[in-house]
Amino acid sequence: MATESNGAPAGAPVPKETKTSAPAPAEGPVAGPAAAATNPEKLTPAQLKAKAKAEKAARRQKVIANKEAVAAAAPAKEAGKGKGKQDGQPAQSKQHRGSMSGRRPSIGGLVEKEKDVRSGIPECFSHVPMAKRVPLSQAHKDVDPAVLVAGQQMATFAIKDSISRLEATLLAFKKVIESYETPKGNSLSRHLVPHVLNPQIEHLTECRPMCFAMGNAIRLLKTKINSFDINDPEDETKEELLEWIDTMINERIKLAEYLIARNAAGLIEEGEKVLTYGRHRLVEKTLLKAKEIGKTFDVTIIDDPYEGGGQTLAKTLRQAGINVLYSPNLGGLRPKVAGATNVILGGEAIFANGSLNAASGTADVAMAGQNAGAKVTVLCETINFDRERVSVDALTYNEIDPERNTAECFRLLYDNTQDKYISGVVTEFESGGGNSPAQAILALLRTREDPQIA
Amino acid sequence: MPPPQASYAPSLDKLIKSLKSQPYETSIEALIFLLKRRQVKGDDCAVATAHILLQVVARSKWHDVDQLLGRVQSVGSRLARAAPHEPVIGNIVRRVLGLIRDEASEERNNADDLGSESGSDIQSLAPTNPPPQRPAPTPVLMRSSTAAPGGLQVSKSMFNILSAATSADTPMTGASTPLSQAQPASVHALRTEVIDGIEEIMDEIQSADDQIASFADVQIHPGEYVLAYQPTKTVERFLIKAATKRRFTVFIASIDPIDPGTGEKPYAALRKKLNSHGVTTVNLASNGLMAYISRVNKVIFGAKVIYQNGGLLVDSGACIAAQAAREFLKPVIVLGAVYKFCPEDPSDEAVIGELGNPSSFVSYAGGPEVEALDIENTVTDYIPPSLVEVYITNLGPQTRHHLASILADHYKVEDIGYSLHDGEV
């Protein structure tokens, strides 16, 4: 359920948290007044939220009706409320559409146009979520400007990969926490998440389904906030939270990147032929690191013509003095892979069953690599590991390219590489030359700190 | 050098129209130019080759079978060398050569049917061996794979001793001497027979797509998701035929990137036709195909050439589809008319793939770092036989275990080993 609403790599943590730690807004119109009764100050926002929820649910129902009876938008069937609530949060685009027609009836033309955003998606992919540009004027009023910016960047794919999105989210949340003041009669640990953070998270999800790293980090953040005592002084709590976020960025992103590049570079053997797909930050760092420590090797870059990042990588490596063979697409993959000894791939996320979620085309390369007898190494930070979800095919957790979302031109952003095609995963937890099989991620996480992820 | 019509955009149609009005040598040159510029490619090569060979048979001067075979071989090698990436040309040349041998032996049999029965067995033992050996030792320019056809050839010639002895003794051997003496009377008849035969081959090429399409509704079932990789005309006809009987969904994938901004709609005509029959189509704008393959029931694409080992020469990227299908145990159905069956093993060049122009992918205005890059844009793929489930030919569905019999039915042993990339014969 949650996945349907929040999008593939996003969902579960948020609605789940919403339900457990933030009962008031999530429970919809019934809970709203209850919260209002106990806390007179919050009456308005809580009610508003409840109302918005109801509207969203109604709009969602409408969209379903639309689908069935092409564009016959039946206005707000209240019956849909229950389902919408259960989903935690209706699918972002639909929800948005709803709020638009509800709040700004004047821009009807635009609404009509917006309605078509998902209508072109072929039936068999209609369950897959898609990023969506949310006009700033349509954002929830509680959304912090910093989060608005981050949301825009994510919706437009200016910030694309999971770790950059995680970093942008954390930095934006820092701003939110800095400017946060606990209302009278509340404590930070009880008020911050449901009333301040959740709208931000919802907005980000609306812009683009959350990536697994964001889901993990938000879960950790919420646990951290909940761990504070009601009586802790606000200033100290805020200070500690901000520090915690900094540590998160430093350890899970910056240090992890350095360690993975170092570990993976150590795995490249002298004179090896390395093959990679597209352009992944960690792969780029690794290859440059390997060059830096004096290894000689050739690189074959298989690019995705829809992304074109491989070309940038090719130029960067070339400038570093590495021999590069560039192929603009997957054509001739077999002979190219046959010449490679080491296939290094970057990942977006790894699921509990060890399968890799990565840029579309990665699975094809990994499979060809494994079949040709090359070793297939995946680089991935542990914050990207998802311990709860399991994926056996690419249609379970995925995203539709918002630029190509019709039958005339359709594209999924990710694919799913089964663990049998992966020889090993390099994470920041590894030291020296070892790396672990993909299936071992649960065990790996459990042996380390971080019971929240493992 | 360029033929007169080269000044107006030359095309195969114009060439075929002008065949009768110009010396056949001019037509050959014109086709060679078209082939070299790749203005004729794929299935058209087969048609063009047949047309040219028809002219050669009809209008060149020859007095006996050996001369005719020599002519066809020499013209065939010129065409094949103009387009080494199109083995179909060689297939047609071999078909015509086989045809000539058949007709010639029939003639001869008619001429002296007395005692030929008992004589041929003994006679053929001697002459059978020389012809197949003739091509094998000749130096080979491009093909490194002569060894393997050679192997096949030996087994075939053993087989031949008993079954196809009559056809074996025609070319340039002692056995053909009596034939040559009988020639002047039968040259005219032979010419007519061979021309008829070539016309039959042309008919076969033309009707192949329809025949293949007639097997469509057996293969495609209602409600299925079919991945068509870069559908060729053959595949298009196949899908449309199936669409008249079934409701299913077609995913169309292609290696060429689709840019939604340009308004260009790939395969618009095909999609329109399929949609009009109620078949849903989706253009996949994707590099990898693993993401979609779990949804797909079967993968269909057309082959440029089917080698004797069952491997395929295809548009680049089809291998990605075949490979993904293999991993998810989805059947791969290959459409290819019989004239695409090539009695050779794939050359190393074919396995590695042909390189095309990369300029559409890389802007060479990008400066020195781009110019210093080694860029490879592969435009053909080789698919090993293990990835293919079914071959649907105009003679019906086949598996790779029975390809040998198709080859044996359509090519003469003497011509299988004949490398079209040798110098002029």
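Mentor: Before we start, a definition: helices (H or I, at least four residues) and strands (E, at least two) are DSSP runs, numbered from the N terminus. This is a predicted model in which local features need pLDDT of at least 70 and side-chain atom pairs count only at pLDDT 80 or more, while totals for chains, interfaces and linings use all residues; side-chain values use heavy atoms, with hydrogens and water left out. Residues are numbered from 1 along each chain as its sequence is written, and chains are lettered from A and ligands numbered from 1 in the order in which they are written.

Trainee: OK. How many residues of chain B are in contact with chain A?

Mentor: 48 residues of chain B are in contact with 49 residues of chain A, contact meaning heavy atoms within 4.5 Å.

Trainee: And what area is buried between them?

Mentor: About 4,100 Å², with carbon and sulfur atoms giving 58%. Buried area is the accessible area (1.4 Å probe) that two parts lose on being put together, summed over both. On the chain B side, Asn287(B), Met290(B) and Gln323(B) lose the most area to chain A, together 15% of what that side buries.

Trainee: How many salt bridges are there between the chains?

Mentor: The count between chain B and chain A is 2. The rule asks for a side-chain nitrogen of Lys or Arg within 4 Å of a carboxyl oxygen of Asp or Glu. One of them joins Arg271(B) to Glu408(A), where the closest N and O atoms are 3.9 Å apart.

Trainee: How many residue pairs are in polar contact there?

Mentor: 20 residue pairs across the interface, with both residues at pLDDT 80 or more. A polar contact is a pair of N or O atoms within 3.5 Å; within protein, one must be able to donate a hydrogen and the other to accept it, and residues adjacent in sequence count only if both atoms are side-chain atoms.

Trainee: Which element of chain B gives the most to that side?

Mentor: H15(B), with 5 residues. Elements giving two or more residues include strand E3 (280-284), helix H14 (290-293) and helix H15 (318-327) of chain B. By class, the chain B side has 28 nonpolar, 11 polar and 9 charged residues. Here Ala, Val, Leu, Ile, Met, Phe, Trp, Tyr, Cys and Pro count as nonpolar, Asp, Glu, Lys and Arg as charged, and the others, Gly among them, as polar.

Trainee: Switching to sheets. What is the order of the 7 strands in the open sheet?

Mentor: The order is E11(A)-E7(A)-E4(A)-E1(A)-E2(A)-E3(A)-E10(B), with parallel pairing. Two strands pair if DSSP finds at least two bridges between them. Strand E11 (424-426) of chain A and E10 of chain B stand at the edges, each with a single partner strand, so one side of each has no neighbour in the sheet.

Trainee: How does E10(B) pair with chain A?

Mentor: E10(B) pairs with strand E3 (residues 323-327) of chain A in the parallel sense over 2 bridges. Ile375(B) is the bridge partner of Tyr326(A). Elsewhere, strand E1 (residues 273-277) and strand E4 (residues 342-346) of chain A pair in the parallel sense over 3 bridges, and Thr276(A) stands opposite Ile344(A).

Trainee: What does helix H15 of chain A lie across?

Mentor: Helix H15 (residues 309-319) of chain A lies across E1, strand E2 (298-302) and E3 of chain A together with E10 of chain B, at about 165° to E3(A). Axes are lines fitted to C-alpha atoms, for helices over the stretch in contact, and angles run from 0 to 180 degrees between N-to-C directions. Helix H17 (residues 362-371) of chain A also packs on the sheet, touching E1, E4 and strand E7 (375-379) of chain A, and makes about 160° with E4(A).

Trainee: What about the sheet of 4 strands in chain B?

Mentor: That open sheet runs E8-E5-E6-E12, with mixed pairing. Strand E8 (341-342) and E12 of chain B are the edges, each with a single partner strand, so one side of each is left without a neighbour in the sheet. Strand E6 (residues 312-315) of chain B pairs with E12(B) in the antiparallel sense over 4 bridges.

Trainee: Last one: where does Phe157(A) lie?

Mentor: In the loop between helix H9 (145-155) and helix H10 (162-178) of chain A. Phe157(A) has a positive phi of about 65° although not a glycine.
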